[in-house]
Amino acid sequence: MTPTHFTISSAFLLGMMGLAFHRTHLLSALLCLEAMMLALFIALSLWSLQLDATGCSTAPMLMLAFSACEASAGLALLVATARTHGTGHMQALNLLQC
Amino acid sequence: MAYIMLTLLIGMVLGVISVASNPSPYFAALGLVLVAGVGCVVLMGHGGSFLSLVLFLIYLGGMLVVFAYCVALAAEPYPEAWGEWSVLGSVLGYLLLVVGAGSWFWGGWYEGMWVPVDELIEFSVVAADSGGVALMYSLGGGLLVVSAWVLLLTLLVVLELTRGLARGALRAV
């Protein structure tokens, strides 16, 4: 595994672990999701640059557009949660209980 | 040049650790800005200056500004930075994980592996990544139209989610 490949893989996995082990705020989970999307963008761009496959350069552009859509949907959910439950804390989302 | 790339890649991993350790959202957004900036320079080091520009403009200038406005919703009197023990424990754990996984691989890393080799097969007027992105408008025009409809759909989704009042389970208090 080249160092660059190792770095972007570990960036993605660290973001995923940050999303899984989130603590208080819903917003910090959304920020970890954004970090995963950023690692994916850099990975796709480096893929097309290192393989000299310039036709693959459209993939990171479209991925960025769709990740902006996903971020806006996540933030809309955050706003709706804050308006319904009063806070953005994860403990407030306790309606479904085992 | 290899040292510059080493520093940038380490900076990227440290930035993602600073986001993944879940401090208060103010500091997580700062860490994300660091990761995006360093990632842009990594892309430029590999020759992708247009993609780096797009990342800076759209990601930092568009998405993270919106996130910064939403961080105002998470205002708290005592925000936890990375000095707080609960966050510092996560930082040290992730650092240990990355160093441990890296020690698996760094036996096979040599000097030349850190930087790309610029292979000039031929001379060209258009840079590689700019020419590739232009394909999105010519051969990939169909996907572009579909993406435009997806973006419109997302706008309607967001407006419906934040409508509030009496519709749906999410309503204004």
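The model is predicted: local features need pLDDT of at least 70, side-chain atom pairs count only at pLDDT 80 or more, and totals for chains, interfaces and linings use all residues. Side-chain values use heavy atoms, with hydrogens and water left out.

**The two chains together**

Chain A gives 57 residues to the contact and chain B gives 70 residues. Contact means heavy atoms within 4.5 Å. Between them the chains bury about 5,600 Å², 80% of it on carbon and sulfur atoms. Buried area is the accessible area (1.4 Å probe) that two parts lose on being put together, summed over both. On the side of chain A that touches chain B, the elements giving two or more residues are H1, H2 and helix H3 (58-85) of chain A. H3(A) gives the most, with 22 residues. Helices here are DSSP runs (H or I, at least four residues), numbered from the N terminus.

**Helix H1 of chain B**

Helix H1 (residues 2-20) of chain B has 19 residues, so at 1.5 Å a residue it should span 27 Å; its end C-alpha atoms are 27 Å apart, which agrees. The expected span is 1.5 Å times one less than the number of residues. The buried residues of H1(B) include B:Met5, B:Leu8, B:Leu9 and B:Met12. Buried means under 20% relative accessible area, exposed over 50%, and partly exposed in between (1.4 Å probe, protein chains only). The cover over these buried residues comes from both chains, and includes H1 (3-20) and H2 (26-50) of chain A, with H2 (25-45) and H4 (85-105) of chain B.

**Annotated spans in chain B**

An unreviewed UniProt entry places "transmembrane region" at residues 25-43, 50-75, 87-108 and 143-161 of chain B. UniProt positions follow the numbering used here, feature names are shortened, and annotations may be inferred rather than shown by experiment. Two of these spans are tabulated.

| Span of chain B | End C-alpha distance | Content |
|---|---|---|
| Residues 87-108 | 33 Å | 86% helix, 0% strand |
| Residues 143-161 | 26 Å | 100% helix, 0% strand |

**Two loop residues**

B:Asn22 sits in the loop between H1 and H2 of chain B. Its phi is near 55°, a positive value in a residue other than glycine. B:Asn22 counts as buried because its relative accessibility is 2%.

A:Asp52 lies in the loop between H2 and H3 of chain A. Phi of A:Asp52 is also positive, near 55°. At 46% relative accessibility, A:Asp52 counts as partly exposed.

Definitions and conventions: Residues are numbered from 1 along each chain as its sequence is written. Chains are lettered from A and ligands numbered from 1 in the order in which they are written.
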